[in-house]
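Okay, thanks everyone, let me get my screen up.

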Amino acid sequence: MNRMVLTYILLFVLLVLLQVTVLNDISLFGYATPFLYIYFILRLPSLMSANWVMSIAFLMGLIVDIFSNTPGMNALAATTIAFVRKPVLALVLPRSDEAVSIVPSISSLGLGHFIGYSFLMVILFCVLIFVIEAFTFFSPLTLILRFSSSAVFTFLLVLAADCLKPGKK
């Protein structure tokens, strides 16, 4: 099997295990919950088929849902960010880089483009997950506080994970 495929499988398993065993139990000040597993979706190659990306994201979200007892919330939010991943990448990438297959990271996109890409994706994911969970706009201040604090926490973890990846020069 290809070494890159094995690396992606290992990263998939590691992030799902980390999410369901540790990160789901973290709740900073009762509001901020990190969702580091979406880092896997963010790191998939840019020219990977949208069907594959959405299928992988759905499977990953479904596994997190099963272990977190959240009926479909993570699967829906993960599949949605997988669906909008290409347009968001096209939005932040320079026009000359759109036809080149890259693995989105700080080293391949540059710090500014990676921050823009990952921040948009994390914000979208957090808004979706908390709107689905609340399924109401009864307490908009609490909803805004939850998704904004979780988005910042998740975004910082995504940046830290990207800086810590093995083999980085």
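Let's start at Glu-133, which counts as partly exposed because its relative accessible area is 39%. Keep in mind as we go that this is a predicted model. So who is Glu-133 paired with? The partner is Arg-146, in a salt bridge whose closest N and O atoms are 2.7 Å apart. Glu-133 belongs to helix α6, residues 111-134, and Arg-146 to helix α7, so the bridge ties together parts that sit 13 residues apart in sequence. Arg-146 is partly exposed as well, with a relative accessible area of 23%.

How many salt bridges does the count come to? Two. The other one joins Arg-43 to Asp-162, and there the closest N and O atoms are 3.5 Å apart. This pair links distant parts of the chain, 119 residues apart: Arg-43 is in the loop between α2 (38-42) and α3 (50-68), while Asp-162 is in helix α7, residues 140-164. And are those two buried or exposed? Arg-43 is buried, and Asp-162 is too.

Okay, back to α6 for a moment. This helix has 24 residues and reaches 34 Å from its first C-alpha to its last, close to the expected 34 Å. Its buried residues include Phe-114, Tyr-117, Met-121, Phe-125, Cys-126 and Phe-130. What covers them? The cover on the buried residues of α6 includes α2, α4 (73-92), α5 (106-109) and α7.

Now the inside. The largest nonpolar core has 47 residues, and the ones touching the most other members are Tyr-37, Phe-40, Met-60, Tyr-117, Phe-125 and Cys-126. Which helices supply this core? At least two residues come from each of α1, α2, α3, α4, α5, α6 and α7.

Let's zoom in on Tyr-37. Setting aside neighbours within four places in sequence, Tyr-37 is in contact with Leu-15, Gln-19, Met-60, Gly-61, Val-64, Asn-74, Ala-78 and Phe-125. Three of those names come back in α3, where the buried residues include Met-60, Gly-61 and Val-64. What do they pack against? The buried residues of α3 pack against α1, α2 and α4. As for length, α3 has 19 residues and reaches 26 Å from first C-alpha to last, close to the 27 Å expected.

Just past the end of α3, have a look at Asn-69, which takes a positive phi of about 55°. Why point that out? Because most residues other than glycine have a negative phi. Asn-69 sits in the loop between α3 and α4, and it is exposed, with a relative accessible area of 69%.

Next stop, Ser-150, over in helix α7. With a relative accessible area of 0%, Ser-150 is buried. What does Ser-150 touch, not counting residues up to four places away in sequence? Its contacts are Tyr-31, Ala-32, Thr-33, Phe-35, Cys-126 and Phe-130. You've met Cys-126 and Phe-130 already, among the buried residues of α6. For a sense of distance, Ser-150 and Val-100 are 50 residues apart in sequence and 32 Å apart in space, C-alpha to C-alpha.

Which residues make up the nonpolar patch on the surface? Val-5 is one of them, along with Leu-6, Ile-9, Val-13 and Leu-17, and together they have about 410 Å² of accessible area.

Leu-18 lies in helix α1 too, and at 32% relative accessibility it counts as partly exposed. Leaving out residues up to four places away in sequence, Leu-18 touches Leu-23 and Leu-36. Leu-18 and Leu-76 are 58 residues apart in sequence and 20 Å apart in space, C-alpha to C-alpha.

That's my tour, so over to you for questions.

Conventions:
Residues numbered from 1 in each chain as written. Predicted model: local features only at pLDDT ≥ 70, side-chain atom pairs only at ≥ 80, totals over all residues. Heavy atoms only, no water. Patch = residues over 30% accessible without salt bridge, like charges linked within 9 Å, V, L, I, M, F, W, Y side chains within 5 Å. Areas by Shrake-Rupley, 256 points an atom, 1.4 Å probe, with all protein chains shown as cover. Salt bridge = Lys/Arg side-chain N within 4 Å of Asp/Glu carboxyl O. Helix = DSSP H or I, 4+ residues; strand = E, 2+ residues; numbered from the N terminus. Buried < 20%, exposed > 50% of the residue type's maximum accessible area, 1.4 Å probe, protein only. Expected span 1.5 Å × (residues − 1). Contact = heavy atoms within 4.5 Å. Core = buried A, V, L, I, M, F, W, Y, C linked by side-chain atoms within 4.5 Å.
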